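Work through the exercises below with the sequence and the model side by side. Try each task before reading its solution.

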Amino acid sequence: MESVKRLSSDWRYPTTLLCVYGFFSTVKPLEPFLIPFLTGPDKNLTTEQVNNQIFPVWTYSYLSVLVPVFLLTDWLRYKPVVVFQCVMLFITTALLRWTESVPAMQAMQFCYGVVTASDVAYFSYIYSVVDLKRYRKATSYSRSVQLLGYTVGSVLGQLLVSFNLMSYNNILVFTLVLTAIALVASCLLPMPQRSMFFHRKHSGQRASEEGAKRHRGGSEEEEHDSQTSNTSLGDRGDKKEQGVKEDEDSEEIKGAASCSQVVLQLWRDFRQCYSSRQLLYWSVWWAMATCGYNQTVNYVQVLWEHVQPSQNFSIYNGGVEAASNLLSAATAYGIGFTEVRWEQWGELALGGFSGLGAAALFLMTFTGNIWVCYTTYTIFKCLYMLLITIAMYQIAADLSMERYALVFGANNFGALLLQTIITSVVVDSGALGLPIIPQFIIYASYFSVISVVFLLRGIFSVCKAQRIKKEQSSLNGKQSEICEEHKF
């Protein structure tokens, strides 16, 4: 029993279980072939139904549950939401397998929106069960294994479809088995005793002893020692037990009032974080670019079907997704080895690379060659991953873990709000309900606007920095001349 307790208390145990969960929950062999599956003989839906009636539901669902899920995740201390996410993923796959009508597919998309919103639990859980010094390593493992899962799922799907080893329906049954494994792993995860906002009081019990010392530390112990220096050992123990009880009672009182306190503290942190202009500019790009990226990725399979409807090029979708994931990961990884002053040149890079992304989207939209379409999609995805990595690093550089989580959530919410507006106006059949080519023209133009705005802002920032540098150098020169005159 001691060895089991020792194993479960070690940081490797929850990290390994979370990685097992992250891998098996992201292996989705059918995902690159979702459009051919929905529009094929299995579901017999039209492209217009999928594009204008079914897919928009995911965006609306994601937006409607994001904030409640964010708060519940922290209040429930992550694990229940991780388990709930896996259950919803199982329901999503089951609906996709055994239902056929448009309303059923819309329900499937709603469930998948809840799954996506619950990702915050997966990415936050690890910080509540490992020490601060293990954060970087645990984060690296949990994020890398998700990318590995997506890549393995794409490659596996490509092999199963190319060699006719499984039908689409059997692939979904296989996915349900993988999701069941992920569900078992999520149930075995240890329950955290603390969280970033609602249960911050417990942070000293696991991550470090400093938190506990701040709450009931050295000053209380010194006072206790001075008061009990002439008492017996038994009296000292009684007082110590009474002190612990008082601390527990005060924790319960604080816990009961913590909801309003947390919301108030979140608002204060939000205002203070976004009072920084630099952080605000990076966050604006994050929200705008993530919105455009999500729209592109969500509807790109519809575009591929439109480019070559008469040829069965959809069998290569899995290979394209796998290649784009690996190249995007390599791009994001490589940016860590570059020696660039992103605080000075970052906005210029955002504008320039966003312009390249817009050019890739325009080429993808107007080309009649599916291979050019695949290539430009991969380039676009790599450019986004490159820039979002830089943005994440720049934003996180001067923030605590709690404030970074808040900014991360706020930026994603902003992106989702923009995405909902675009979807409701451009895509939804209740509004314009545009075909896929006009949609992608709008997405490419959207990135062009982002490029122009941040290029102008970047040029202004660089010119301002150069002017300040010249003024500083001239001022230093004058001061040195004055010093030389005083010498003589």
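How many helices and how many strands are there in the protein chain? The protein chain has 20 helices and zero strands. Helices (H or I, at least four residues) and strands (E, at least two) are DSSP runs, numbered from the N terminus.

This is a predicted model, in which local features need pLDDT of at least 70, side-chain atom pairs count only at pLDDT 80 or more, and totals for chains, interfaces and linings use all residues. Residues are numbered from 1 along each chain as its sequence is written, and side-chain values use heavy atoms, with hydrogens and water left out.

**Exercise 1. Describe the chain as a whole.**

Step 1. Of the 488 residues, 46% count as buried. Buried means under 20% relative accessible area, exposed over 50%, and partly exposed in between (1.4 Å probe, protein chains only).

Step 2. The chain exposes about 24,700 Å², and carbon and sulfur atoms supply 62% of that area. Accessible areas come from the Shrake-Rupley method with a 1.4 Å probe; for residues, only the protein chains shown count as cover.

Step 3. Contact means heavy atoms within 4.5 Å. Among the contacts with a separation of 6 or more, 82% are between residues 24 or more positions apart.

**Exercise 2. Find the salt bridges and say which parts of the chain they link.**

Step 1. A salt bridge is a side-chain nitrogen of Lys or Arg within 4 Å of a carboxyl oxygen of Asp or Glu. The search of the whole structure finds three.

Step 2. Asp269 and Arg403 meet at 3.2 Å, N to O. This pair links helix H14 (residues 258–273), which holds Asp269, to helix H19 (residues 401–427), which holds Arg403, across 134 residues. Asp269 is buried at 6%, and Arg403 is partly exposed at 22%.

Step 3. Lys381 pairs with Glu321, with the closest N and O atoms 3.2 Å apart. Lys381 lies in helix H18 (residues 370–396) and Glu321 in helix H16, so the bridge ties together parts 60 residues apart in sequence. Lys381 is buried at 6%, and Glu321 is buried at 11%.

Step 4. Arg457 pairs with Glu347 at 3.1 Å between the closest N and O atoms. Arg457 is in helix H20 (residues 436–487) and Glu347 in helix H17 (residues 342–366), 110 residues apart. Arg457 is partly exposed at 22%, whereas Glu347 is buried at 4%.

**Exercise 3. Follow helix H8 to its end and past it.**

Step 1. H8 has 28 residues and spans 40 Å from its first C-alpha to its last, close to the 40 Å expected at 1.5 Å a residue. The expected span is 1.5 Å times one less than the number of residues.

Step 2. Leu159 is in H8 (residues 135–162) and is partly exposed at 40%.

Step 3. Just after H8, Asn164 takes a positive phi of about 50°, although Asn164 is not a glycine. Asn164 sits in the loop between H8 and helix H9 (168–188) and is exposed at 68%.
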